[in-house]
Amino acid sequence: MQSRTVAWLMAAMLMAPVAQAAAESPEHAITVRGEATLGVAPDLATINAGVTSRAKTAREASDANNKAMQKVLAALHEGGLADRDVRTEYLSLQPLREDVRNAPDRIVGFQASNTVSVRVRDVARLGAVLDRVIASGANEISGISFSVSDQSKRLDEARAAAVADARRKAEVLAMAAGVGLGRAIRIVEDGGHAPVPYMVRAAAAPSAAIATGEQTLRASVSVTFELKH
């Protein structure tokens with residue numbers, strides 16, 4: 001009797017996951033993927049601007065670099081940028097070596113570099129900011145990236161549109177099969193919906209022409225609907 005009881009308990013344990021899966025995934029259901037894209041004009045920009053200085057001694061290179069960078073920072077602040085939007089990104093001081101054949105390299109000078117990351121909260125002012133930092137002495141302008149400040153809110157719009165797209169597809173399939181469409185019983189958001197920041201290269205020249213373009217936000221969901229017979 002005891003062996004029969006143990007066998008019954010083991011069988012019940014094995015059947016439990018099957019029963020649970022059946023409850024979670026009704027037999028009369030359909031799963032479709034909904035997708036949506038949303039074009040958004042960027043309203044934030046980030047640039048890297050810096051100064052590289054060379055001199056015979058480390059002190060001379062460092063002093064010259066600090067003096068030049070102070071002018072760049074002053075120009076940014078005079079242009080209305082807040083302290084929170086200007087951040088030191090890279091700082092270095094290294095020797096310059098001359099390659100001498102059949103002899104150890106000889107130090108012929110030093111190079112100092114200082115780069116700051118600048119966030120511009122109004123992309124319409126980006127060209128003016130570039131002109132200002134270049135005129136103040138910046139001789140290193142790297143990439144420019146554009147982004148969307150209210151990205152989460154705009155992504156919510158894309159998500160809602162993706163769910164609506166899933167329902168539209170499910171209605172078409174259900175109608176073709178001669179059945180009715182019920183409520184959504186399971187929604188899973190697919191990954192990879194955030195955009196990659198758009199990067200451009202800026203020429204180190206006054207009055208640089210800037211094209212911000214448009215970012216595309218994407219949302220994708222898998223939705224399971226009940227079917228009504």
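Me: Which pattern of helices and strands does the protein follow when read along the sequence?

Reply: Helices (H or I, at least four residues) and strands (E, at least two) are DSSP runs, numbered from the N terminus. In this predicted model, the pattern read along the sequence is α-β-β-α-β-β-α-β-α-β-β-β, which comprises four helices and eight strands. Residues are numbered from 1 along each chain as its sequence is written, and side-chain values use heavy atoms, with hydrogens and water left out. Because the model is predicted, local features need pLDDT of at least 70 and side-chain atom pairs count only at pLDDT 80 or more, whereas totals for chains, interfaces and linings use all residues.

Me: What percentage of the 229 residues of the protein count as buried, and what does the accessible surface come to?

Reply: A residue is buried under 20% relative accessible area, exposed over 50%, and partly exposed in between, with a 1.4 Å probe and protein chains only. By that reading, 33% of the 229 residues count as buried. The areas come from the Shrake-Rupley method with a 1.4 Å probe, and for residues only the protein chains shown count as cover. The accessible surface of the protein comes to about 14,400 Å², and 53% of that belongs to carbon and sulfur atoms.

Me: Among contacts in the protein between residues at least 6 apart in sequence, what percentage join residues at least 24 apart?

Reply: Contact means heavy atoms within 4.5 Å. Of the contacts between residues at least 6 apart in sequence, 81% join residues at least 24 apart. One case is Leu227 in strand S8 (residues 215-228), whose C-alpha atom is separated by 6.6 Å from that of Val179, 48 residues apart along the chain. Leaving aside neighbours within four places in sequence, the contacts of Leu227 include His28, Ala29, Ile30 and Val179.

Me: How should I read the way H2 and H3 cross?

Reply: Two packed helices are described by the angle between their axes and the distance between the axes. Here the axes are lines fitted to C-alpha atoms, for helices over the stretch in contact, and angles run from 0 to 180 degrees between N-to-C directions. The axes of H2 (residues 58-78) and H3 (residues 126-135) come within 8 Å and cross at roughly 150°. Angles over 145 degrees count as roughly antiparallel, under 35 as roughly parallel, 65 to 115 as roughly perpendicular and the rest as oblique, and H2 and H3 are therefore roughly antiparallel to each other. The contact is made by Val72, Ala75, Leu76 and Glu78 of H2 together with Val129, Arg132 and Val133 of H3. By class, this contact has five nonpolar, no polar and two charged residues, where Ala, Val, Leu, Ile, Met, Phe, Trp, Tyr, Cys and Pro count as nonpolar, Asp, Glu, Lys and Arg as charged, and the others, Gly among them, as polar.

Me: Is Asn65 buried or exposed, and how does Arg54 read on that scale?

Reply: Asn65, which lies in helix H2, has a relative accessible area of 2% and is therefore buried. Arg54, in strand S2 (residues 44-55), is exposed because its relative accessible area is 61%.

Me: Which residues does Asp85 touch, not counting residues up to four places away in sequence?

Reply: Asp85 lies in the loop between H2 and strand S3 (86-98) and counts as buried because its relative accessibility is 7%. With residues up to four places away in sequence not counted, Asp85 touches Ser117, Val118, Arg119 and Arg121. Arg121 has its place in the loop between strand S4 (106-120) and H3 and is partly exposed, with a relative accessible area of 39%. Under the exclusion of neighbours within four places in sequence, Arg121 is in contact with Asp43, Leu44, Arg84 and Asp85. From Arg121 to Leu44 the separation is 77 residues in sequence and 4.9 Å in space, C-alpha to C-alpha.
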